[in-house]
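Trainee: I am new to this structure. Could you show me how to read its features, one at a time?

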Amino acid sequence: MTGGAPLDLLFLTQTYPRSAEDMAGPFIRDLALGLVRGGDRVTVLTPHAEGVAARWEEGGVEVISFRYAPERYEVLGYGRTLEADETVKAGAALAAPLYALAARQAVRRQLAERRYDLVHAHWIVPNGVVAAAVEPQVPFAIGLHGSDVFLAEKPGVRVFARWALGRTRLLTGCSPELVDRVRALGFPAERSRVIPYGVDVRAFSPQPERRPLWRQRLGVPEDAPLLLGVGRMATKKGFQVLIDALPVLLGEFPDLRVVLAGGGDLLDRFRAAVRPWADRVHLPGPVLRDTLPDLYRAADLFTLPAVHDARGNVDGLPNVILEAMASGLPVVASGISGVPLAVADGRTGRLVPEGDPGALLEALRELLASPQRRREMGAQGRRRAVAELTWDAVAARYREGYGMALESPLPEPV
């Protein structure tokens, strides 16, 4: 269907929020909800895991989970596949063939039950390869999100990724770097789209009356400046760069408090590193999504000094940057991957070279020393999020890409 008619879309993903509080893959849910609000129909196929229902509906999005192994061996997706986002965990590697077979069968089953206009496989590895293995009855798209590109470039996987690309009509990605890296594997630029993630500007919004909630929970004084970072404790998030800058930063700003929120494989290591400042640096671990907006409201400044890890893995556009902007916070982040699509250097925050503690320190020092500058940047970031980065606006851009895919000829299988 083209010409603005509603689309019937099938998503294949290996991670999808299991509850309102879940932090696993919220951008897939939010995109699906945005498309549904625009009049489209979206069905999501996601793997089963402990506590995941067989089928449910949320906001008009139908979600179906598929089994691929006994529950104790269902270890793929939901942020469990990679060790510190750098290497595939042994259990995940063993489960991958079972996942691929079950996911392929799940897609086939849905296509047999109903006519869809387009299948969008999120993450080129594994789901792009899986969906490409289904006979091309309907147009097929691949969405890039970060670690999947790192996996697709591996010599043993690259041939499968190229094969899948030869069958797809549309490639989407949240950062120019991710899309360019996959184009280099063999995909025409004219059939690709760089589309940043969006943000729920109602859920993530400044509410000064709620500012004390997390401060009281963590014992942060009401008038202390609070620097916040949110994300998995993995190398590519770059929190190790911030920790290297902390001794000087804490020395120069004796009232400063720092919160680094999130779980992950490096959490214990980072907690040990900041132990000398335990009264001023807090690592509370994972934060439930429904309490996350209040954590942003407690802060004065947000940072995510993301990096390419030693294996070349990098995030596309971390959702937390958009959430911070929508919450009215200035953002200090590395100017890599998709981050410059959101953060305007000098207007909504500061962009610094990756892996440079000195540059990060200077940017943080500049904004910590100027509360007025922080407020101005935060307000500009909020305005930009509301005007350009809502999920409804992002969904409209995806819909344009889908329209292009539906009008283009089906690639010949290679």
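Trainee: Where is Trp123 found?
Mentor: Trp123 lies in the loop between strand 7 (118-122) and helix 3. Keep in mind that this is a predicted model.

Trainee: Is Trp123 buried or exposed?
Mentor: The cut-off for buried is under 20% relative accessible area. Trp123 has 9% relative accessibility, so Trp123 counts as buried.

Trainee: What does the backbone do at Trp123?
Mentor: Look at phi. For Trp123 phi is positive, near 80 degrees, and this residue is not a glycine. Ser337 is another such case: its phi is positive, about 50 degrees, and Ser337 is no glycine either. Ser337 sits in the loop between strand 15 (331-334) and strand 16 (349-352). Its relative accessible area is 13%, so Ser337 is buried. Now take a glycine. Gly328 follows helix 11, and its phi is positive, near 85 degrees.

Trainee: Which residues does a cis peptide bond join?
Mentor: Check omega. The bond between Val125 and Pro126 is cis, with omega about 10 degrees. Pro126 belongs to helix 3 (residues 124-132).

Trainee: Which aromatic cluster includes Trp123?
Mentor: Trp123 forms one aromatic cluster with Phe27, Tyr197 and Trp391.

Trainee: How many aromatic pairs does the structure hold?
Mentor: The structure holds nine aromatic pairs. One of them is formed by Phe66 and Tyr99; it is tilted, at 5.6 Å centre to centre and 50 degrees between the planes. This pair links distant parts of the chain. Phe66 is in strand 4 (residues 61-66), Tyr99 is in helix 2 (residues 90-113), and 33 residues separate them. Phe66 has a relative accessible area of 3%, so Phe66 is buried. Tyr99 is at 1% relative accessibility and also counts as buried.
Mentor: Now see Tyr398 and Tyr402. Their ring centres are 6.2 Å apart and their planes are at 50 degrees, so this pair is tilted. Tyr398 and Tyr402 are four residues apart in helix 14, which means about one helical turn between them. Tyr398 and Tyr402 are buried.

Trainee: How do I describe two helices that pack together?
Mentor: Two packed helices are described by the angle between their axes and the distance between the axes. Here, take helix 1 (residues 26-37) and helix 14 (residues 391-407). Their axes come within 8 Å and cross at roughly 80 degrees. So helix 1 is roughly perpendicular to helix 14.

Trainee: Which residues of helix 1 and helix 14 meet?
Mentor: From helix 1 come Phe27, Asp30, Leu31, Gly34, Leu35 and Arg37. From helix 14 come Trp391, Asp392, Ala395, Tyr398, Arg399 and Tyr402. By class, this contact has seven nonpolar, one polar and four charged residues.

Trainee: What about the nonpolar core?
Mentor: Start with the general idea. In soluble globular proteins, nonpolar side chains tend to be buried together. In this model, the largest nonpolar core has 127 residues. Phe11, Tyr296, Phe302 and Ile321 have the most contacts inside it. A second, separate core has 21 residues, including Tyr68, Ala95, Leu111 and Val134.

Trainee: Which residues is Phe302 in contact with?
Mentor: Set aside its neighbours within four places in sequence. Among the contacts of Phe302 are Leu227, Leu228, Tyr296, Val320, Ile321 and Ala324.

Trainee: How many residues of helix 11 are buried?
Mentor: Helix 11 (residues 319-326) is mostly covered, with eight of its eight residues buried. Among them are Val320, Ile321, Ala324 and Ala326.

Trainee: What does Ser205 touch?
Mentor: Not counting residues up to four places away in sequence, Ser205 touches Arg297, Ala326, Ser327 and Arg382. The loop between strand 10 (192-194) and helix 7 (212-218) holds Ser205. Its relative accessible area is 10%, so Ser205 is buried.

Trainee: Is Arg215 buried or exposed?
Mentor: Arg215 is buried, with a relative accessible area of 3%. Its place is in helix 7. Beyond residues up to four places away in sequence, Arg215 touches residues including Glu222, Asp223, Leu226, Ala298 and Asp300. Arg215 and Leu226 are 11 residues apart in sequence and 9.0 Å apart in space, C-alpha to C-alpha.

Key. Residues numbered from 1 in each chain as written. Predicted model: local features only at pLDDT ≥ 70, side-chain atom pairs only at ≥ 80, totals over all residues. Heavy atoms only, no water. Helix = DSSP H or I, 4+ residues; strand = E, 2+ residues; numbered from the N terminus. Buried < 20%, exposed > 50% of the residue type's maximum accessible area, 1.4 Å probe, protein only. Contact = heavy atoms within 4.5 Å. Axes fitted to C-alpha atoms, helices over the stretch in contact; angles between N-to-C directions. Parallel < 35°, antiparallel > 145°, perpendicular 65-115°, else oblique. Nonpolar A, V, L, I, M, F, W, Y, C, P; charged D, E, K, R; others polar. Core = buried A, V, L, I, M, F, W, Y, C linked by side-chain atoms within 4.5 Å. Phe/Tyr/Trp six-rings, centres within 6.5 Å; stacked < 30°, edge-to-face > 60°.
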